[in-house]
Structures are given as structure tokens and as C-alpha cells.
Amino acid sequence: MLGAAVAALLAAGAGVWAMAGDDGERPAAASKPSGTPNTNQTGQHANTLPPGTTSGRHGDSGGPGEARRPGEARVLFRKPAPRALKSGAELPGFWAMDGYVVKPVQDRVIAYDDHGGRKWTVKLGKAVCAVPETPTGGKLVIAYGGRGKDGCGRLALIDLDKGAKLWDRPAPAAGAPGSDHLGMGLAQSGDLAGLSWYGGSAVIRVGDGRRVSPGALDRGCAVDGFAGGRSLLRAYSCDDGSAGLQRINTHTGAVSWTYPVRKGYKVSTIFSTAPVVVALADARHKSGGILALSDRGKRRSALELGKRSYQPECGLDLFGTKLGGCRGIAVSPDTFYLPTELTLSGNGVPTSEIHAFDLRTGKRKWAAKVPGRMLFPLRADGGNLIAYEEPTAGAAGSVVSIGAGGGRPKTLLRLPSTTRDEEAGLASATRIYRNGVFYLASDRFAGSGAAEEMIMAFCS
């Protein structure tokens with residue numbers, strides 16, 4: 001049954017879904033698919049490459065004899081995928097720190113400085129299999145391989161500032177015999193981390209990895225998943241068709257509030273934890289719309305999606321345990337930014353738009369579009385929005401800024417044409433624009449034998 005489910009999902013595409021319009025009641029449909037050497041606490045020399053990893057490429061070299069064109073960004077550094085990944089693999093996680101970035105690479109967590117040099121390495125027993133989206137206080141709980149072949153049963157706390165492993169322990173008991181934490185989802189906020197897997201869930205302290213109890217759910221109810229960041233949210237559903245969303249106090253571990261979802265629906269996606277923005281769906285995956293909640297867990301608004309289909313990048317979630325971490329969206333205290341799917345405009349040119357929704361009223365404030373490209377939000381920047389234009393068949397991508405009233409995007413960084421093919425070849429990537437540097441970090445590798453990029457960094 002599991003094999004058939006995996007095959008069906010892979011045939012449908014890698015987990016990028018369109019949010020339905022028509023007041024949120026149409027079904028969701030699948031869319032198109034340098035550094036100074038040092039030694040850390042593991043005793044691993046920081047410039048020792050893991051098996052199958054090649055050294056990074058620096059500067060503007062996109063290929064032999066190729067040069068950067070006027071107005072194009074400079075390649076700060078590039079890191080290729082490990083050669084050992086011959087059959088494809090998931091390498092989740094990427095975080096931009098002050099002066100360096102951190103990336104899990106198979107059974108290691110590696111920091112690279114802004115020139116691509118190795119800063120530190122922390123070695124683990126098996127490959128990293130689950131990570132939260134954001135660290136807290138420079139510390140990050142990660143999950144890596146357990147006893148079973150496909151398990152994810154061990155946890156470690158990594159100090160991203162020092163490059164040190166602070167503790168390492170088994171994940172809380174899986175519950176179902178032989179499950180070994182399949183489909184592990186991880187969310188972190190403050191001193192708490194929420195874990196959800198096929199058949200079980202737990203909340204632990206970041207500081208020591210010990211389990212804490214926010215309080216038992218009613219009989220017949222189970223946790224669906226968590227989302228973290230500025231707060232920790234827990235979604236649950238029950239056998240009688242009821243469901244809800246809870247905020248967990250990251251200082252006390254107790255439930256701060258519970259929002260009951262209307263009967264027949266449950267929380268399917270948590271876009272943001274502060275402000276709270278969630279999507280609902282029924283048992284047949286029919287959309288129940290997108291809701292904004294207040295800090296006290298009261299309904300703030302329902303977004304008026306209309307009949308447009310939207311395309312946030314929420315990834316493949318076979319077991320339904322990873323509710324947070326969608327990309328291609330952005331949020332500010334009063335605005336939610338959502339990309340539409342690529343559709344043909346009146347002149348026959350494929351066009352994507354970003355719609356800005358007022359979280360106080362649910363109404364659309366403005367729209368911005370780019371002919372011929374997909375346009376994805378990256379982050380809110382004051383009253384403006386930073387977004388990414390995907391590459392086309394003949395042009396590289398760009399980082400753009402969109403004003404508070406929408407309109408035509410203004411180019412901040414035009415990526416070089418020499419790396420267009422590598423940019424377009426990233427199957428799934430984290431995108432971060434910070435302090436004038438744009439990072440693309442892949443977390444899924446095809447393993448087809450062709451060269452694949454793991455990290456690409458660009459600057460003006």
C-alpha cells in the first residue's frame with residue numbers, strides 16, 4: 001500500500017499544489033511539476049570533504065570561456081551536490097547566518113563562509129532526515145537516521161554559532177511497532193520543538209531534548225503536525241470529524257489557546273505562525289479556504305480567493321505530518337502574499353501574479369504580474385515585497401522588489417546567464433535574499449548522473 005501511494009504521488013508531481021478559489025471551496029489540483037581551517041568538537045577537520053563531495057567553484061566562472069554580462073549579478077560561490085548521490089536523495093535544510101550559511105549534507109551539517117570556504121563541520125551517525133525551518137538563539141534540533149532503513153529516530157541539537165553538537169539522543173518512542181518515526185516532521189520555537197511522524201507525535205525541550213506534555217487531547221483525537229518560528233502551533237483532528245489548532249506556550253509548555261475548526265475540515269497547511277495564517281481541507285483534500293487568526297486564537301478573516309488557483313510551494317508530504325515550511329509565500333503583520341499559477345493572458349503569454357491579501361478584512365489589496373515567468377514571494381520588506389522571478393528558456397532569474405501598491409516589479413539582482421541552466425535545474429530549493437546576497441540551496445537531488453548544484457550564492 002505504501003509503495004502504491006508513493007508511486008501515485010510521484011506520478012502526480014513533487015508536491016506543489018494550487019490553492020482553490022471560488023471562496024476556497026473548489027478542490028485543490030496538482031500543478032506543474034575563504035574560510036580558515038579549524039577543528040570542531042567532533043574532531044573532524046573543517047576542510048575535510050565528506051565522501052563524494054567536490055570542492056566549490058568561486059567567482060564568476062559559469063563555464064569555460066564564459067563571462068558575466070553587464071548588469072548581471074556576480075557568482076559569489078557555488079557548491080555542487082555530492083557525487084555519491086547516484087540514486088537521488090533528500091538533503092533538507094538551509095540557514096543563512098551572519099557571514100556564513102549552514103547546510104546538512106548527508107550525515108554531516110556543514111557551514112560555509114561567504115566565499116564558499118569550510119567554516120565548521122558536525123558529523124552525525126546517519127543522514128539528516130528532518131529539520132525545522134528556523135533556529136532559535138542560534139540552536140537547531142535536527143533528526144537523523146534511526147534503526148530502520150527508512151527511519152528518522154535520532155535527534156541532535158546543533159549550535160550553529162559554534163559548530164558544536166550539544167546533545168544527541170533517541171527520539172521519543174514511536175508508538176506503532178516498526179514505524180521508527182516514518183515521515184518525521186519538525187518545528188521549533190523558543191525552547192520547544194514539536195515532532196510528528198506516522199502514528200505519533202511529541203513535544204520536547206530544545207535545551208535538553210526531554211519530552212514535555214502540553215496536555216492530552218480528547219479521546220479519539222490525534223496530532224496532525226506542528227509549525228514553528230515565532231510561535232509553536234499544533235494541529236489535531238478527531239474521529240468524529242472535529243479538528244482544531246492550538247498555540248503552545250514556549251515558556252511553560254502549556255496550551256495557550258485552541259481554535260476549533262468547522263466540522264468536516266481540518267488544518268492542512270500552516271503558512272505562518274505569527275500572524276497565524278492557515279489553510280483548511282476536508283478528508284477528500286477539498287479546500288476549505290485560508291483563514292487568518294488573531295494572536296488570541298480568534299478568527300480574524302477568511303481570504304477572498306475568488307476563482308483563481310494559487311501555487312505556493314509546499315512540497316511532498318506523503319504522511320501528512322509536515323504542516324509548515326511552505327515556500328513561495330510571504331507574510332507581514334497585516335498582509336499575506338500568495339502566488340497564482342502560471343496561466344495564459346489575453347495575448348497568449350503565460351503570466352504569473354502575486355496577490356496581496358489584507359489579513360484584517362480578507363480582501364485582496366493589489367496584484368503584481370510578470371509576463372512569461374513564475375513570480376514567487378520571498379519576504380516582506382517594510383511596506384515592499386521581495387520576490388523571485390524564475391528563469392525562462394532564454395533568460396536567468398531575478399530578485400525584484402514590489403512596492404506597497406503592487407505594480408511593475410523593480411529588479412534588484414539579475415542573475416547571470418552563465419548559470420541559467422543550473423538555476424533552472426534545481427528540483428526544489430530554499431531561496432534567501434539577505435544583505436544583498438541571494439542564495440539558492442537545493443534540498444532534493446535527482447541522482448541522474450548529471451552535475452547538480454547544491455548551493456549557489458550571488459551578489460551585485
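Visitor: Which residue does Ile204 stand opposite in β17?
Guide: Ile204 faces Arg211 there. Keep in mind that this is a predicted model, where local features need pLDDT of at least 70, side-chain atom pairs count only at pLDDT 80 or more, and totals for chains, interfaces and linings use all residues. Residues are numbered from 1 along each chain as its sequence is written, and side-chain values use heavy atoms, with hydrogens and water left out.

Visitor: Okay, how many bridges do β16 and β17 have?
Guide: They pair in the antiparallel sense over 2 bridges. Their hairpin has 5 residues between the strands, and Gly209 in that turn has a positive phi of about 80 degrees.

Visitor: And what sheet are they in?
Guide: An open one of 4 strands, in the order β14-β15-β16-β17, with antiparallel pairing. β14 (185–189) and β17 (211–212) are the edge strands, each pairing on one side only.

Visitor: How do β15 and β16 pair?
Guide: β15 (residues 192–197) runs antiparallel to β16 (residues 200–205), over 6 bridges. Leu195 has Ala202 as its bridge partner in β16, and Trp197 has Gly200. This hairpin has 2 residues between its strands, and Gly199 takes a positive phi near 100 degrees.

Visitor: New topic! How many disulfides are there?
Guide: The structure holds 3 disulfides, a disulfide being a pair of cysteine sulfur atoms within 2.5 Å. One of them joins Cys129 to Cys152, with 1.9 Å from S to S. The torsion about that S-S bond is about 95 degrees, so the link is right-handed.

Visitor: What does the Cys129 and Cys152 pair tie together?
Guide: Cys129 lies in strand β10 (residues 128–130) and Cys152 in the loop between β11 (139–144) and β12 (154–159), so the pair ties together parts 23 residues apart in sequence.

Visitor: Is Cys152 buried or exposed?
Guide: Cys152 is buried, at 4% relative accessible area. Buried means under 20%, exposed over 50%, and partly exposed in between (1.4 Å probe, protein chains only). Cys129, at 27%, counts as partly exposed.

Visitor: Where do Cys221 and Cys238 sit?
Guide: A disulfide with 1.9 Å from S to S joins Cys221 to Cys238. Cys221 is in strand β18 (residues 221–227) and Cys238 in strand β19 (residues 232–238), 17 residues apart.

Visitor: What about Cys314?
Guide: Cys314 is joined to Cys326 by a disulfide, 2.1 Å from S to S. With 115 degrees about the S-S bond, this link is right-handed.

Technical notes:
Pairing = 2+ DSSP bridges.
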